[in-house]
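Here's a quick tour for anyone meeting this structure for the first time. Have a look at the sequence and the model, then read on.

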Amino acid sequence: HVVDIVSGRGLRAVELASYIAGSVAIDRELAIVGDYDGMLSAVNTATGRVVWQFESRDRQLPFIASPAIAGGRVFAGSRDRFVYALDRQSGRLIWQRNTGNRVEASPLADGKNLLVANMRGDVMLLSQADGGVVWTYSLGGAITGSPAPMNNNILIPALDGTLYCLGKK
């Protein structure tokens with residue numbers, strides 16, 4: 001649904017899929033959303049037109065986490081264990097990285113890296129350029145909550161109720 005932020009009036013609805021679990025990522029006029037059918041869709045918010053859609057040819061598992069947009073790319077983790085980097089304009093696949101377990105937490109992007117957490121408890125920092133692993137750290141418990149930056153630290157909520165803080169002392 002596209003809603004006028006001032007009046008709260010609905011402007012249009014766009015039919016995409018059976019169920020959308022995550023939040024929409026918005027960059028200027030483009031809204032990106034993943035769904036339970038295993039599809040990522042980019043919608044022009046001004047026209048309601050679907051600009052592109054992406055689906056892994058090998059796996060059609062849900063995109064639960066909200067995508068991140070940075071540097072002209074869209075980054076999205078899936079229950080298929082992969083994180084995908086797509087071209088923001090075309091939806092073309094740039095790279096994909098197997099994380100070893102389902103990704104249900106939203107990725108966190110900065111100027112050059114991407115922080116990803118999976119259901120095994122692995123936290124990994126990937127290069128936005130090519131998906132290469134910069135470092136990994138195992139928290140040991142399932143992570144469904146999205147990492148968040150705070151005062152040069154990263155907060156990561158785990159499924160067991162533990163809030164982890166990664167950073168320098």
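How many bridges join strand S5 to strand S6?

## Before we start

This is a predicted model, where local features need pLDDT of at least 70 and side-chain atom pairs count only at pLDDT 80 or more, while totals for chains, interfaces and linings use all residues. Residues are numbered from 1 along each chain as its sequence is written, and side-chain values use heavy atoms, with hydrogens and water left out.

Strand S5 (residues 39-44) and strand S6 (residues 50-55) run antiparallel, joined by 5 bridges. Strands here are DSSP runs (E, at least two residues), numbered from the N terminus, and two strands pair if DSSP finds at least two bridges between them. Met39 sits opposite Glu55 in S6.

The hairpin has 5 residues between its strands, and Gly48 takes a positive phi near 80 degrees there.

Zoom out and you'll find an open sheet of 4 strands in the order S3-S4-S5-S6, paired antiparallel. S3 and S6 are the edge strands, each pairing on one side only.

S3 pairs with strand S4 (residues 30-34) over 3 bridges, again in the antiparallel sense. Ile26 has Ala31 in S4 as its bridge partner.

## A look at Ser23

Ser23 is in the loop between strand S2 (10-12) and strand S3 (25-27). Ser23 counts as partly exposed because its relative accessibility is 48%; that class lies between buried (under 20% relative accessible area) and exposed (over 50%), using a 1.4 Å probe and protein chains only.

Leaving aside residues up to four places away in sequence, Ser23 touches Ile32, Ser66 and Pro67, with contact meaning heavy atoms within 4.5 Å. Ser23 and Ser66 are 43 residues apart along the chain, yet their C-alpha atoms are separated by 5.1 Å.
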